[in-house]
Amino acid sequence: MLELIDVKKTFNVGTINEKKALDGVSIKLDEGDFVTIIGGNGAGKSTTLNAIAGVWPIDSGAIIINGQNVAGLPEHKRAKFIGRVFQDPMTGTAATMEIQENLALAKRRGNPRGLRWGITRAEREEYHELLKTLDLGLEDRMTSKVGLLSGGQRQALTLLMATLKKPDILLLDEHTAALDPKTAAKVLELSDKIIEENRLTAMMVTHNMSAAIKHGNRLIMMNSGRIIYDVKGEEKKNLTVDMLLEKFEQASGSALSNDRMLLSKHDNI
Amino acid sequence: MNVLTTFLNAFPGNISQGLIWGIMAIGVYITYKILDFPDLTVDGSIGTGGAVAVVLILNGVPVWLALVAAFAAGCLAGLITGLLNTLLGIPGILAGILTQIALYSVNLAILGGSNKSISVDKFPLLLSSRRVAVSGGFAMFGWEVGKCLIIVALLIAALYWFFGTEYGFTIRATGCNSNMSRAQGINTKKSTVIALVLSNGLVGLAGGFLAQYQGFADVNMGRGAIVIGLAAVIIGEVLGSAILGKRFNFVARLSFTAVGAIIYFIVLQIVMLTGLPSTYNKLFSAVVVAVFLAVPYIRKSLKTSYGRAAKSSAKKGESRNA
């Protein structure tokens with residue numbers, strides 16, 4: 001499904017800001033794996049997702065999706081395989097376009113685009129039914145501009161767009177971090193539901209340790225551009241937040257340095 | 001009385017001129033509003049379109065074919081700006097300026113001098129201000145304006161179709177959110193180039209019409225064109241959203257851009273009638289654009305500003321002290 005082999009990336013090479021962001025990341029995901037990723041500040045969590053998505057080229061290593069090495073493909077070509085939801089609710093949608101137009105853009109992810117209509121009547125009906133499943137009343141506002149929606153609504157819509165055409169891999173980059181706790185819980189629940197129903201392979205970066213334990217079947221912890229802990233199955237289910245903190249200190253030799261993660265230590269969402 | 005007659009006589013001319021510049025302004029709308037790219041190529045590409053059309057017609061090429069060539073020449077200019085921006089990483093505004101300056105030489109070369117005139121008496125031109133000006137009666141006025149109207153309407157219909165297609169969607173998405181566009185598999189560099197090509201194609205076409213209408217192509221005919229284009233876009237937007245409100249849709253936006261250009265030329269005419277010499281045309285254009293851009297900002301800051309906050313909080317403070 002997805003395999004990363006010794007992926008390395010250094011930013012700002014040769015300058016005072018040089019930063020080794022990924023220092024040999026290797027991981028193999030099985031079909032249907034839902035991996036949560038946690039780690040300190042600058043550990044390489046989001047960088048790993050961006051490397052997979054092709055936001056910039058990696059320095060070395062391989063990124064294999066469905067048996068094909070995609071490391072040489074630019075971002076828009078890799079989009080064929082990948083659905084993405086971002087941290088900032090503004091990033092995932094086009095604000096000046098209608099809700100239905102955004103969905104129509106997502107529907108054509110990975111397909112060649114030509115001079116056919118950008119949205120068809122049959123699609124409108126399909127989207128109407130699909131939006132109903134969100135239970136946010138968006139099905140009655142299909143011609144509204146996305147810019148009028150709240151952050152939570154936009155994230156829910158982005159989630160729908162990312163999975164409208166079944167992706168080989170779904171990347172969720174702290175996609176609930178900018179939402180209030182109640183909305184965040186709702187969007188997380190929706191993510192779970194969509195991933196389960198479509199049997200998607202997914203990776204989710206989160207700063208919330210309880211969420212990382214509660215969701216998915218596998219958990220990885222990163223530090224200084226490396227994966228320092230990888231756990232799945234029963235062992236993962238039995239994890240607690242305190243055990244994670246302990247693991248982190250053992251593996252990295254220092255205390256966890258992610259303020260938001262520490263603050264959310266006892267959140268139960 | 002005399003002034004009024006002059007004004008009324010100039011009216012049809014202003015409208016046809018406004019409609020021709022309106023085509024150019026619609027081109028500017030595509031880059032400035034849809035793609036969110038401040039493209040200054042247009043000052044050059046309108047002249048290129050005019051030069052190509054005039055030189056071809058003088059050499060016996062049919063008018064329609066010369067107009068197609070003017071469109072193509074504009075497209076080529078847009079392509080160069082697009083490639084400078086996407087392939088070579090030159091910032092959009094600078095890429096446009098570079099092409100515009102280069103086109104000045106190109107336009108001189110095409111014209112073989114700084115200007116070339118073309119007479120409506122010798123060539124079957126599609127549009128001509130002579131037919132408007134010469135005492136052909138009001139019917140003649142009407143037909144010249146009517147032809148311009150038909151051309152603009154056809155172009156708006158074509159653009160309405162294009163921006164409803166998958167390609168059109170990619171351009172709109174790229175202008176709105178390029179990160180999202182790439183995540184949805186859109187090649188944002190390609191859509192940027194396509195939009196610039198289309199926009200400058202329209203500008204080149206407008207140049208082809210304008211050169212026929214005024215009876216000559218001049219190497220300076222595009223100087224300040226971007227400002228007229230922006231004026232039309234902005235006047236059209238302010239007017240359209242005031243009149244139509246929420247029903248200000250895509251077709252209306254393009255139509256009001258053309259209306260904006262007409263209003264611009266009518267207002268320009270009024271200003272000229274006050275006796276201001278035509279040397280001040282460009283100064284006037286700049287002032288119009290500055291005013292229309294500033295008005296929304298000033299209106300907003302009249303409603304809420306630090307000054308107001310200071311006054312109202314001072315009042316609150318007094319009542320507490322009392």
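Two residues of separate chains are counted as being in contact when heavy atoms lie within 4.5 Å. By that criterion, in this predicted model, the contact between the chains takes 31 residues from chain A and 20 residues from chain B. The area buried between chain A and chain B comes to about 2,200 Å², and carbon and sulfur atoms give 62% of that area. On the side of chain A, the residues that lose the most area to chain B are H76(A), R113(A) and L115(A); together these three make up 28% of what that side buries.

Charged pairs also span the interface. Across the boundary of chain A and chain B, 4 salt bridges are found. One salt bridge joins the side chain of E166(B) to that of R108(A), with 2.8 Å from N to O.

The next topic is the open space in the model. Rolling a probe the size of a water molecule over the atoms shows where empty space is left. The largest pocket holds about 1,300 Å³ of space. Its lining consists of 33 residues, and those closest to the centre are T96(A), E98(A), K145(A), R172(B) and F250(B). By class, the lining of the largest pocket divides into 13 nonpolar, 9 polar and 11 charged residues.

The second largest pocket has a volume of about 510 Å³. Of the 23 residues in its lining, Q17(B), W21(B), F265(B), N281(B) and K282(B) are the closest to the centre. The elements that contribute two or more residues to this lining belong to chain B: α1, α9 (188-214), β2 (216-218), α11 and α12 (281-303). The lining of the second largest pocket has 10 nonpolar, 10 polar and 3 charged residues.

Two or more of the lining residues come from each of α1 (45-53), β6 (82-85) and β7 (169-173) of chain A. By class, the cavity lining has 4 nonpolar, 1 polar and 2 charged residues.

Chain A also contains an open sheet. Its 4 strands follow the order β2-β1-β4-β5, with antiparallel pairing. The edge strands are β2 (19-29) and β5 (68-69) of chain A, each of which pairs on one side only. In a regular strand the side chains alternate between the two faces of the sheet.

The pairings can be followed across the sheet from β2(A). Strand β1 (residues 2-11) of chain A pairs with β2(A) in the antiparallel sense over 8 bridges, and within this pairing K9(A) has L22(A) as its bridge partner in β2(A). Strand β1(A) is in turn joined to β4(A) by 5 bridges, and these two strands run antiparallel. Here L4(A) stands opposite I63(A) in β4(A), while E3(A) stands opposite I64(A) in β4(A).

The last pairing brings together β4 (residues 60-65) of chain A and β5(A), which are antiparallel over 2 bridges. In this pairing Q68(A), in β5(A), is the bridge partner of I65(A). The hairpin of β4(A) and β5(A) has 2 residues between the strands, and N66(A) takes a positive phi near 50° in this hairpin.

Note on methods
Residues are numbered from 1 along each chain as its sequence is written. Chains are lettered from A and ligands numbered from 1 in the order in which they are written. This is a predicted model: local features need pLDDT of at least 70, side-chain atom pairs count only at pLDDT 80 or more; totals for chains, interfaces and linings use all residues. Side-chain values use heavy atoms; hydrogens and water are left out. Two strands pair if DSSP finds at least two bridges between them. On a 1 Å grid over the protein atoms alone, a cavity is a set of points where a 1.4 Å probe fits but cannot get out, and a pocket is an open set with protein on both sides within 12 Å along at least five of seven lines; lining residues have an atom within 4 Å of a point. Grid points are joined across faces, edges and corners, and a volume is the space filled by probe spheres set on the points. Ala, Val, Leu, Ile, Met, Phe, Trp, Tyr, Cys and Pro count as nonpolar, Asp, Glu, Lys and Arg as charged, and the others, Gly among them, as polar. Buried area is the accessible area (1.4 Å probe) that two parts lose on being put together, summed over both.
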